[in-house]
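Please read the briefing below with the sequence and the model side by side.

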Amino acid sequence: MPPKLHTKFDDKPEPSASKPEKSSSIQGNSLKHVLEDGGSDLSHTHVAKRARLGILKPESHTKVTPSIQPQKARHSQTKDTTSTQAQIPGAPEIKKKVQNLKPNGVHQPNPQLLQKAAKELEKVRKQLPIWSKKADIRWALRNNDVLLLNGETGSGKSTQTPQFLYSEPWCKKRTVKVKSKDERDEEVSVGGVIAVTEPRRVAATTLARRVAREMGSYIGKGTGSGPVGYAVRFDSYTPKGMKIKFVTEGMLLQEMLHDPHLRQYSAVIVDEIHERSVDVDLIAGFLRKLIHGDKRGRGGIPLKVVIMSATLDLGGLEAFFSKPEALSNYKPVAVEYVEGRQYDVNIFYEVKPSQDYFQNMLQTILKLHTTERLPGDILAFLTGQEEIDTMQTQLEQIAANLVKTVPRMKVMPLYGALSGQAQQDAFEKVKEPFTRKIVLATNIAETSVTVSGVHFVVDCGKSKVKQYRPQLGMESLLAKPISKVSAIQRAGRAGRETTGKCFRIYTEEDFTKLEMDELPEILRSDVVEAVLKMKACGVDNVLDFPLMDSPDIKAMEIALVQLHIMGALDEAGNLTGTGDKMARYPLPAAYGRVIIAAAESDCLLDTIDIISCLTSDTEVFLQPKTEEDQEAIETARTALENSRGDILTYLETVHHYTAENADRNDWCQKRLISTRSMKMAMSIRRQLRQICFHQKLIAELPPPDPQPVEEISPERAEIILKTFLKAFGTRTAVLGASGYHTTQGHHEITIHPSSVLYGKKVEAIMFLDNVYTAKNYAKKVSAIQANWIVEALEI
DNA sequence: GAGCACTGC
């Protein structure tokens, strides 16, 4: 029986969702979906949030001001403030005006027009839910060092909070006296800028652009002047007079290596802390130390901290940032709650646990497609590329046989490995008439991007999660149930533009059994990088470092030992000069170690070329789809493949690519090499060369490309491989009667088919990557001599 | 002959 439907703020049922015929039409088929009270389900999370706010001690100076926005406000147009498709809510015409501003002179747009546009934008800003909290937020930070701000999606927290604060009296730049390392007094300036951290580059740059416009400025090129800037890898803009700076989390950590007291800043705003990346966990720990520790490094000036999140455990965070020994009248933390803007989404569950969620999902998508009226696209969450490809094939087969009265289907895959253009295609609105877009996505669509036009979400309830096993030093990737927060986030994707529906391919009971939050990344990863960063930022005892969630002590100890073996830490566990250098490369610690070894053995430039390929975010060598392609590609690649393995194959590839001066895209296409990957590799190569030049590891920057291809002599190859062995000596295996066995632990290991050494038998191998899937596979493999291993491990 | 989500310096 369909239960009574009502929305959270309005007891009147939504007309489209409440028609009994419609719900019974869903119930009356094999899908057996039960119509659930979606409004109350989503509002359940709101209730939960308020309930958690209630945990706060009454004596702690907490301002709890949950507010319910009137229905009207909730039904105005909303957009994700951090999405790549970020738009100014309700003001497309203003956006257009701003974009069309004609430059006055050469670079600067007309200031009067900018001011006028900002004035217009202010009208829109005043309608944002957070606007009514302006005074509360300012008041909170005048009286506290820390503010926890729980702002839902669409509340405007990311764009407005820094603007509320930059003109506050505590935000002024000051000149103070501090003690230098050798106990001398020196004058430094402290404060004046607010940093806002974002987990992704697109978020940092698009938010900066938007806030600049709201402030009557704009983001230009090179050095300009203006109140807003940003810094992400490979790109930054820090104008004169900058008051607000959007940065990625990794970038702020990098800044902390040079400026551990964050003297540039009056405040740090941490956005999206609920995503809980390793970097944001480290930032939270450092900020807590800065707030609670002595402030002499900042000349006594406190750093203000705002922690922002859409969904967060405020109780836990409040405890984390409170001083444990707080006096009864000490008020360290304030809490604000801002209602977001989101249309209601009705949730439908399976009645019975599904045996085959893939088939159920297929059925649900078809049912939605054939019964729901247009417009209204479908977004389906699956676990991975393979599932998505299969689903696409099956849906398209069925679509070909649909009757003419049913809309046509446009099936679009969406996952990270797709090219930028292919991803863009999934965002585009369908142009064809009488057609419904069906986007099959991984959890890239959960946070990173917004797909427009979606009214229906189908959620399989699973996602692939990386899990690290410290004892084995191995990672595995498994499909696991998602968290409640994730499930709600996925459902919310149906309510961006209008009231939506979400079909969960699992039972309501399964939903209640889900964990509230995802396990934070720091508990699922190798902590070598995290430990090195802590050490480099001056943390002597990493086991004492305040973390919201501390990894297993064993995992920390293994990381410490690993860093000692690599020479980053001495016997006493103190950071060495090598370790300090390693922490400053934008690379995993092991590759940092290789760079240093390379400088000593005079193969630095070649090593940089190799590491640039290895750390580019997509695979360099694409996989051919058909067998004919396979043969053609293999012939085209012969000049690049080096019989000594994958490392030297990458080197050959960079040598040939950079020697190519005619058409690099064409060069890549002929060899089925990813152009995106090679472009990124070239950026990394430039950055690493620059850093090594500054560290004086190379005397001068190498001449620009193209350079003639140099043959890699056997002697040179040996030097390069031995250089990598200095960091990867423990990642080796020797050939026995029954295949390869690792030198550490004597586990059986097989060379992965993606390696040029696949199926080859050599005396010993070194592998940079190790995954456990069907077998224990070694990836990125090189042929070495067994006696080199002993040599490498002795040093 | 494998099959892998996402992000960041």
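Is Tyr506 buried or exposed? Tyr506 is buried, with a relative accessible area of 7%; buried means under 20% relative accessible area, exposed over 50% and partly exposed in between, with a 1.4 Å probe and protein chains only.

This is a predicted model, in which local features need pLDDT of at least 70 and side-chain atom pairs count only at pLDDT 80 or more, while totals for chains, interfaces and linings use all residues. Residues are numbered from 1 along each chain as its sequence is written, chains are lettered from A and ligands numbered from 1 in the order in which they are written, and side-chain values use heavy atoms, with hydrogens and water left out.

**Ring pairs**

- Rings of Phe, Tyr and Trp (its six-membered ring) pair if their centres lie within 6.5 Å; planes under 30 degrees apart count as stacked, over 60 as edge-to-face and the rest as tilted.
- The count by this rule is nine aromatic pairs.
- Tyr349 and Tyr506 form an edge-to-face pair, because their ring centres are 6.5 Å apart and their planes stand at 70°.
- This pair links distant parts of the chain, with Tyr349 in strand 12 (residues 345-350) and Tyr506 in strand 19 (residues 500-507), 157 residues apart.
- Helices (H or I, at least four residues) and strands (E, at least two) are DSSP runs, numbered from the N terminus.
- Tyr349 is also buried, with a relative accessible area of 0%.
- Ring pairs join Tyr349, Tyr506 and Phe511 into a cluster.

**The open sheet**

- Two strands pair if DSSP finds at least two bridges between them.
- Eight strands make up an open sheet with mixed pairing, in the order 7-6-8-5-9-10-2-11.
- Strand 7 (235-237) and strand 11 (333-338) are at the edges with a single partner strand each, so one side of each has no neighbour in the sheet.
- From one strand to the next, the twist averages 20°; axes are lines fitted to C-alpha atoms, for helices over the stretch in contact, and angles run from 0 to 180 degrees between N-to-C directions.
- Strand 9 (residues 265-270) and strand 10 (residues 304-309) pair in the parallel sense over four bridges, and Val270 has Ile307 in strand 10 as its bridge partner.

**Strand 8 within the sheet**

- Five of the five residues of strand 8 are buried.
- In a regular strand the side chains alternate between the two faces of the sheet.
- In strand 8, Ile244, Phe246 and Thr248 point one way, Lys245 and Val247 point the other way, and all are buried.
- Strand 5 and strand 8 run parallel and are joined by five bridges; the bridge partner of Glu198 is Thr248 in strand 8.
- Strand 6 also pairs with strand 8 in the parallel sense, over four bridges, and Ala231 stands opposite Val247 in strand 8.
- Helix 10 (residues 249-258) lies across strand 5, strand 6 (228-232), strand 8 and strand 9, at about 105° to strand 8.

**Helix 14**

- Glu387, Ile388, Met391, Gln392 and Leu395 are buried in helix 14.
- These residues are on the same side of helix 14, because they cover an arc of only 130° around the axis; the arc is that of the directions from the helix axis to the C-beta atoms.
- Exposed residues Glu386, Gln397 and Ala400 are on the face of helix 14 turned away from its buried side.
- The cover over the buried residues of helix 14 includes helix 13 (357-371), strand 14 (408-414) and strand 15 (435-441), where contact means heavy atoms within 4.5 Å.
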